[in-house]
Amino acid sequence: MNFPTMDWTILMPTIVVIVTGIAALIVEMLRPKQNNNLIVGVSLVGLGYAAFLLFQQIGAPTATTAGGLVLRDQFAVLAQLITVGVTMLCFLFSEGYLREKRIAFGEFYPLAMWAASGGMMMASTNNMLMMFVGLEILSISLYCLAGMARREQRSEESALKYFLMGAFASAVLLYGIAFLFGASGTLDVSGFREAMQSDIDHLKSFALLGLAMMIVGLGFKAALVPFHQWTPDVYQGAPTNVTAFMAAASKIAAFAGLYRVLAGAVDLQSYYMDVMVVLAILTMSIGNLVALVQKDVKRALGYSSIAHAGYIMVGLLAHLNSPDKINLGSVLFYLLSYSLMTVGAFAVISLTAKGGKEGTRTQDLNGMWKKAPLAAGSLLFFVVSLIGMPPTAGFFGKLFIFKDAWNSGLQTLAIALAINSVISVFYYLQIVRAAFVDDEDVYSPQMSSMSSGLRLTCILCILGIGGATLFAQPILNVTNQAGKELNVYKHDIEDVNDDVVDSSVTPVPGLTGSEAAGG
Amino acid sequence: MEPTGFGMISAILALPIIGALLLLFLPPDNSKGIKWLTTIVTGVTFVASLALLKQFSSDTFHFQMVEFVPWMSSLGIDYKVGIDGISIWLFMLTTLLTFLSSIFSFYVGKREKPYFLMILLLETAMLGVFTSLNLIVFYSFFEVSLIPMAIMIYIWGGKNRNYAAVKFFIYTFAASIFMLLGMIVMAKQHQQVTGVFTFDLIAWQSAVASGSFWQNTGNLQMILFWSFALAFIVKCPMFPFHTWLPDAHTEAPTAGSIILAGVLLKMGTYGLLRFCLPLFPEAVQANTNIIMILAVIGIVYGAIVAAMQDDVKKLVAYSSVAHMGFVVYGIFSLNHVGIMGGAYQQLNHGISTGALFLLIGLLYERTHTRAFSDMGGLKKQMPNFAALFLIVMLSSVGLPGLNGFPGEFMAMLGGFASAFNGSFGLGLWLPFIAGTGVIFAAVYLLWMFQKVFYGPVTNPMIGRLKDLKKWEIALVGVFLIFVFWGGLYPNTFLKPMEKSVNAVRQMTLNPAGRRPAWDDQSYEIDEAGDLVQQERLVSPANFYSVTTQDDLMRMDQEGL
């Protein structure tokens, strides 16, 4: 029996994260419960090493290993890098928060790292089974984490809700994969293409059905409307550091998966494009509109993360619609800035936990400017970035997505995005207001003092957002390398399917098949 | 363009930011230190802007002291700032008003640190708006100015501050986001015409001047014009988008009101003058009548509503609607006198209304009320205050000899000339109705003066009031200098902006190919106000200010 040759550099970052998780668990068992500092230290070192390994691979050529199960391209490397970075940021402020909440269980760190590794697997594969495995690793870890505040009913409820609905979504995804396998005999996303090129008509319908189910399964993870129902409850109930992780890392993974599937099914585009456009508009609008009436900060931010999923979707669709002009630069830039501002915002909100209690209503932020001026200032900065006000990275991310959407002919999406930006102002302003209002409010909640980890998280997030703005050009140079494969791929299809009109996408103006092949 | 590195303008933009960073290190309870630091920083900024004024040359309409630093070059977003005749005075006005309002803010007794932080951030944002030459940079400053202002209203505002701040924020944000979309479309259009995707104003204008930009674009110019104009009209604010202003003014703290009325509103008219006129020439000509009608409605409506108010600040806020109506009215008369008048009236409105808000603020610090019904007979108690108030109030009325008069008069004259010539479909009834606005202004302002200063003392509190202190008189005195200077010798201010204003007018009115371009240094405006192209000075046939039929035919043959 021949084992496939392994390119360990490609696998190493994920392995490092998993092994660090195991090491952290061992440390947890050896140490007394009171102090998790060593675990945090070990985890940060391991994650830092993984990030370093990934950083080295920026610009490395596209390659697969493990018999085609694991893929390294620019998108995979960058998505993994952001995931690892987000995990580190979450760890920085977790310890202080968990202690204040009296749930300082060391298990948080290994579980979160395994979740991250699951996300990394999802980002770096074109194989649907591998993606499913990654998704399950991610999800099961998150189910546990969501219920970590064992004494809180809300936390338990959120874990159970997440688990039941998540299991259902996974099943749908798996069913979709089965359809794809049935239609093409392969588990690779290239199966879509094979099925489309086959002469047997019903294979196409199977592939289409499979695609639809995969979109549902992954859309659930990415919290696309109408598969978003779980988000606010779970975001509200889960411990805040877990919420931050879910909102950033798990969303990146979901979008990575979604991207792989949609890119693989690019010749089914004429079928899914309209649907996805509608989904994106719904996701943006419903996310923002429902957020308007929320009284709970975590819920409001949960809905805001739904809205942001819609924005990211717009960028993704722009790329899929015209891969010859638009790469994934904007999407990755947006993912980066979104992760930083979301983690930052949740980190600040974690201040409301004190002495085993935690208030997450809007008025629980009252008086923050006095008790923790740095936190209040950072919150203002993050919210400004979430609104998409210049000169923050949130603005430039949105600007790039606007531009992409417009350039690829998705003007409706661009306008919907603009309108949604306006709607979102209302509830974001309410959050800032709560943090800055003064004496008129009798209600003055308690608030824990800022731990040094939290302070560091805030500063790093602010620096990251500011840095992403200042160095947008170098970042774009790197991120724009991602997604080039699709262009080549799509031209291949156009060469092959020159006469199959309905299965190919709108022809690229100015580029005939021969030119594309030559280039 | 070759990178020039950061220069003087950037240094001035950075000064308040540096001040803000220093401020962060002061302990929040060191109220004196915070106030003095801010005053010194804004003072230094003002002095630095004087140095900038000294270097400024009024011999050219081109941008001067242009600084260019590459940023996101592949997307056409670069840091580019420069100054010309239109922006130089607004720049000066900003530094002056910020300085004066930070002196006034010694009265602030609550949460001083964030307050002065906001003033400093606001100053940089405002200065950035008036100097940026890249549209995305402009948009950034334009939006950034919202945040400190909204926070000032939020935290230090009056009773209804939450509503006012949110309304202010939403109105301006909502209007400007579509300007952002418009910018992207403009950049894309520029790419289609020239192959370069850029947000550079000078590059855009150059393509517009040559006529290639809007060739075969159908309705696009009209749509984009409105996407830009709407953002600026809301900011001005013009009827019917003015409703945020009275709320914001009433609730804002005094320094906020001074800056809001003095500078933030000017961003709207500045935007119209800087972007809408040069970039959308045909659309401007086609839509002038609509905007003129809105401006006239604003003038009359603002005046009538102002007369009905019981709150001093609300009255001045509505008077701002009327006065800004005059500015827009002048600008969209699209002739030299009118645009000059509009541009000049911008400055004077900043001075007079700023001074009015300052005086109201000084009064409010004593009485803690702004309702007319609580006042009356103040003149006896505060004679100095009454005298200063009278002068400032009369300058706002537009009394000849004071600064309110020349700008308003020129704007009216320009509007009348355009209507008289029947250009742009303007009816003669417009200037007549606009003229009544001047009478109304006298009515409501004198009325206010009467109610506040004369009559019997009904409120016992009035009897305990003390007149202005010396430093307060000095503070108002600075405004008075400009009130008289602007009224008696407006040439100081008109001269430096004349060429830029003239160039903008010709960018709008001349046919394509005959428009001056900011990037073409060979164009210049000569002393007579005519456009000349210096390379061809030898041939007198190329002197032109008026395009003749022959010229047009020749241009057709040349394929321009």
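These legends go with several views of a predicted model.

Local features are given only where pLDDT is at least 70, side-chain atom pairs count only at pLDDT 80 or more, and totals for chains, interfaces and linings use all residues. Residues are numbered from 1 along each chain as its sequence is written, while chains are lettered from A and ligands numbered from 1 in the order in which they are written.

**View 1. Chain A as a whole.** Chain A has 21 helices and 4 strands (DSSP runs, H or I of at least four residues for helices and E of at least two for strands, numbered from the N terminus). Its C-alpha trace spans about 70 × 55 × 40 Å along the principal axes. Of its 519 residues, 62% count as buried, meaning 20 or more other C-beta atoms, placed from the backbone, lie within 10 Å of a residue's own.

**View 2. Where chain A touches chain B.** Here 21 residues of chain A are in contact with 23 of chain B (C-beta atoms, placed from the backbone, within 7 Å). Helices H16 (393-407), H17 (411-436) and H19 (472-479) of chain A each give two or more residues to chain A's side. H17(A) brings the largest share, 9 residues.

View 3. Strands E1 (residues 64-72) and E2 of chain B pair in the antiparallel sense over 5 bridges; pairing takes at least two DSSP bridges. B:Met72 has B:Ile77 in E2(B) as its bridge partner. Four residues sit between the strands, and B:Gly76 in the turn has a positive phi of about 70°. As for E2(B) (residues 77-83), 6 of its 7 residues are buried, so the strand is largely enclosed by the rest of the structure.

Definitions and conventions. Two residues are in contact if their C-beta atoms, placed from the backbone, lie within 7 Å. A residue is buried if 20 or more other C-beta atoms lie within 10 Å of its own, exposed if 12 or fewer, and partly exposed in between; C-beta atoms are placed from the backbone.
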